[in-house]
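Visitor: Hi, I'd like a walk through this structure. Could you show it to me?
Guide: Happy to, here it comes.

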Amino acid sequence: MKPLIFAAGISGFGAVALGAFGAHGLSLSPEASAWWDTASLYFLVHSVGALFAGISRMRSAGWAFIIGSLFFAGSLYLMALGGPRILGAITPIGGVSYLVGWALIALNGLRKANADGEGTAQ
C-alpha cells in the first residue's frame, strides 16, 4: 500500500463529501458559510496536490498538504459548526503547512531542472 496515495484518496473523498454536505445539508450564517466554502476549496485542492505529490514521489510535500488540511480546513469546518473562534489561531499552521508543500514541489522542480541541465545557459 502507498500510504500517501491512500491518504490523498481519503482526503479527496472527505473534501467532496464535506463540500456537498455544506452545500445541501447545512444552514449556516453567511460568515460560517464562507468559512465552510474556503475549507472545502482548500481541502479539495490540496487533496489533489497530495495525490500528485504521492505519484511524483514527493512524499514530504504530500504529507505537508495532508497535515495542512487537518489544521487549515479542519479548524474552519469546526468554527463553521459553532466551535470556538480561538480555533482560528491554528488555521495559519495549516496555511504554513500548505506553503511548505508547494515550496518543496518548487524546490524539487528546480533540483530536477538543474540535474537535467535546464538551468544552465545555452
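Visitor: Read along the sequence, what pattern does the chain follow?
Guide: Along the sequence the pattern is α-α-α-α. The chain has four helices and zero strands; helices (H or I, at least four residues) and strands (E, at least two) are DSSP runs, numbered from the N terminus.

Visitor: Before we go on, what kind of model is this?
Guide: This is a predicted model: local features need pLDDT of at least 70, side-chain atom pairs count only at pLDDT 80 or more, and totals for chains, interfaces and linings use all residues. Residues are numbered from 1 along each chain as its sequence is written, and side-chain values use heavy atoms, with hydrogens and water left out.

Visitor: Thanks. What does the C-alpha trace span along its principal axes?
Guide: The span is about 60 × 30 × 20 Å. Of the 122 residues in the chain, 38% are buried. Buried means under 20% relative accessible area, exposed over 50%, and partly exposed in between (1.4 Å probe, protein chains only).

Visitor: Which residues touch the most other members in the largest nonpolar core?
Guide: Those are W35, A50, A73, L76 and Y77, in a core of 24 residues. Such a core is a set of buried Ala, Val, Leu, Ile, Met, Phe, Trp, Tyr and Cys residues joined through side-chain atoms within 4.5 Å. The elements giving two or more residues to this core are α1 (3-24), α2 (30-55), α3 (59-80) and α4 (91-115).

Visitor: And which helix gives the most to this core?
Guide: That is α3, with nine residues.

Visitor: What does L76 touch?
Guide: Not counting residues up to four places away in sequence, L76 touches W35, T38, A39 and T91. Contact here means heavy atoms within 4.5 Å.

Visitor: New topic. At what angle do the axes of α1 and α2 cross?
Guide: They cross at roughly 160° and come within 8 Å. The axes are lines fitted to C-alpha atoms, for helices over the stretch in contact, and angles run from 0 to 180 degrees between N-to-C directions. That angle makes α1 roughly antiparallel to α2. Angles under 35 degrees count as roughly parallel, over 145 as roughly antiparallel, 65 to 115 as roughly perpendicular and the rest as oblique.

Visitor: What classes of residue are in the contact of α1 with α2?
Guide: That contact has 14 nonpolar, eight polar and no charged residues. Ala, Val, Leu, Ile, Met, Phe, Trp, Tyr, Cys and Pro count as nonpolar, Asp, Glu, Lys and Arg as charged, and the others, Gly among them, as polar. On the α1 side the residues include G12, G14, G19 and G22.

Visitor: How do α2 and α4 pack?
Guide: Their angle is about 35°, with the axes 12 Å apart. Y42, F43, H46 and F52 in α2 meet Y98, W102 and I105 in α4. By class, that is six nonpolar, one polar and no charged residues.

Visitor: Last one: where is K2?
Guide: K2 is in the segment before α1, and at 60% relative accessibility K2 counts as exposed. K2 and G54 are 52 residues apart in sequence, yet 8.1 Å apart in space, C-alpha to C-alpha.
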